[in-house]
Structure formats: structure tokens, C-alpha cells
Amino acid sequence: QVQLVESGGGLVQPGGSLRLSCTASVSDFSTYAFEWYREVSGNQRQWVASIVSDGRTNYEDFMRGRTSISRDNAKNSVYLQIDSLKPEDTAVYYCFAERLRNGEHEKYWGQGTQVIVSS
């Protein structure tokens, strides 16, 4: 069973930065695509950014320009750097992993890490 563990959340002032980490307990990490989502209290989970196995990235428009997703296959980790944080970025951030292998679409979620942007 794949386990995803997020970390790096916390309380940060507006305009600050955070680097979220997601570490996956898998033996073939490089074959997975990873995404970050966020869930603002009482709302649906929103897609934030993704990175596929070859390193290509994509971002939701509201995060583009101040967010960077990256991966380190040697460390089984994916990162989300968020700069110029705004109060509306306050949310629980989730890591998501998926791959298509042998006709099976594998999907896994982490437990989330809370980000609070407040002065």
C-alpha cells in the first residue's frame, strides 16, 4: 500500500513563503505523476499543480507565477513552493499520486498539511 506523507505546513504571514513536502513510500517513485490539491474549509478540493514522471509541470491559473512544483526521485519526494502567500491560500494541502500500470489506474492521497496565512 502506497503511503503519502505531507509536511511543511504551518502559520505564515501574508507575503511569506512555504515549501510543502510529500514523501511517498514506493519502490518505483519515478513512474508516478504527482499533484497538489488544496481544500479550503467547507469547499471542494481544488487542483493546484502537477508534475509528471518526465518532469513536466502544470499549474492552476490562480497559483501560476508564485508556485513551483518539483520532484526528487532519489528522495521519493515532491515539493510545492508557494511564494507571496495570501490569506485566501489558507487551506489544507494534499498530495496525490497516480499512475496507469498494467491496465490499473492507481490513485493515492496523503492526509494533508494545514497552511494558515494570517498576520
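The largest nonpolar core comprises 29 residues, and those with the most contacts inside it are Leu-4, Phe-34, Trp-36, Ile-69, Val-78, Leu-80 and Tyr-93. Such a core is a set of buried Ala, Val, Leu, Ile, Met, Phe, Trp, Tyr and Cys residues joined through side-chain atoms within 4.5 Å. Two or more residues each come from strand 3 (18–24), strand 4 (33–39), strand 5 (45–51), strand 8 (77–82), strand 9 (91–101) and strand 11 (113–117). The model is predicted: local features need pLDDT of at least 70, side-chain atom pairs count only at pLDDT 80 or more, and totals for chains, interfaces and linings use all residues. Residues are numbered from 1 along each chain as its sequence is written, and side-chain values use heavy atoms, with hydrogens and water left out.

- Strand 7 (residues 67–72) has a covered face of Thr-67, Ile-69 and Arg-71 and an uncovered face of Ser-68, Ser-70 and Asp-72; strands (E, at least two residues) and helices (H or I, at least four) are DSSP runs numbered from the N terminus.
- Strand 7 pairs with strand 8 in the antiparallel sense over six bridges, where pairing requires that DSSP finds at least two bridges between the strands.
- Ser-68, on the uncovered face, has Gln-81 of strand 8 as its bridge partner.
- Four residues lie between the two strands of this hairpin, in which Asn-76 takes a positive phi near 55°.
- Neighbours within four places in sequence aside, Ile-69 is in contact with residues including Phe-34, Trp-36, Val-78 and Leu-80; contact means heavy atoms within 4.5 Å.

**Buried charges without a salt bridge**

- Arg-71, in strand 7, is buried yet has no salt bridge, and the nearest side chain of opposite charge, Asp-54, is 7.3 Å away.
- Buried means under 20% relative accessible area, exposed over 50%, and partly exposed in between, with a 1.4 Å probe and protein chains only.
- A salt bridge is a side-chain nitrogen of Lys or Arg within 4 Å of a carboxyl oxygen of Asp or Glu; for charge, Lys and Arg count as positive and Asp and Glu as negative, while His and the chain ends are not counted.
- The Arg-71 side chain reaches the backbone oxygen of Phe-29 at 3.1 Å and the backbone oxygen of Tyr-32 at 2.9 Å.
- Glu-98, in strand 9, is likewise buried and lacks a salt bridge, with Lys-107 as the nearest side chain of opposite charge at 5.7 Å.
- The side chain of Glu-98 makes a polar contact with that of His-105 at 2.7 Å; a polar contact is a pair of N or O atoms within 3.5 Å, where within protein one must be able to donate a hydrogen and the other to accept it, and residues adjacent in sequence count only if both atoms are side-chain atoms.

**Salt bridges**

- A search of the whole structure finds eight salt bridges.
- Asp-28 bridges to Arg-99, with the closest N and O atoms 2.6 Å apart; Asp-28 lies in the loop between strand 3 and strand 4 and Arg-99 in strand 9, so the pair ties together parts that are 71 residues apart in sequence.
- Asp-28 also forms a salt bridge with Arg-101, the closest N and O atoms being 2.6 Å apart; Arg-101 lies in strand 9, so this pair ties together parts that are 73 residues apart in sequence.
- Arg-99 counts as buried at 13% relative accessibility, and Arg-101 counts as partly exposed at 37%.
- Asp-28, Arg-99, Arg-101 and Glu-106 are linked in a network of salt bridges.
- Asp-61 and Arg-64 form a salt bridge at 3.4 Å between the closest N and O atoms; Asp-61 is exposed at 58% relative accessibility, and Arg-64 is partly exposed at 44%.
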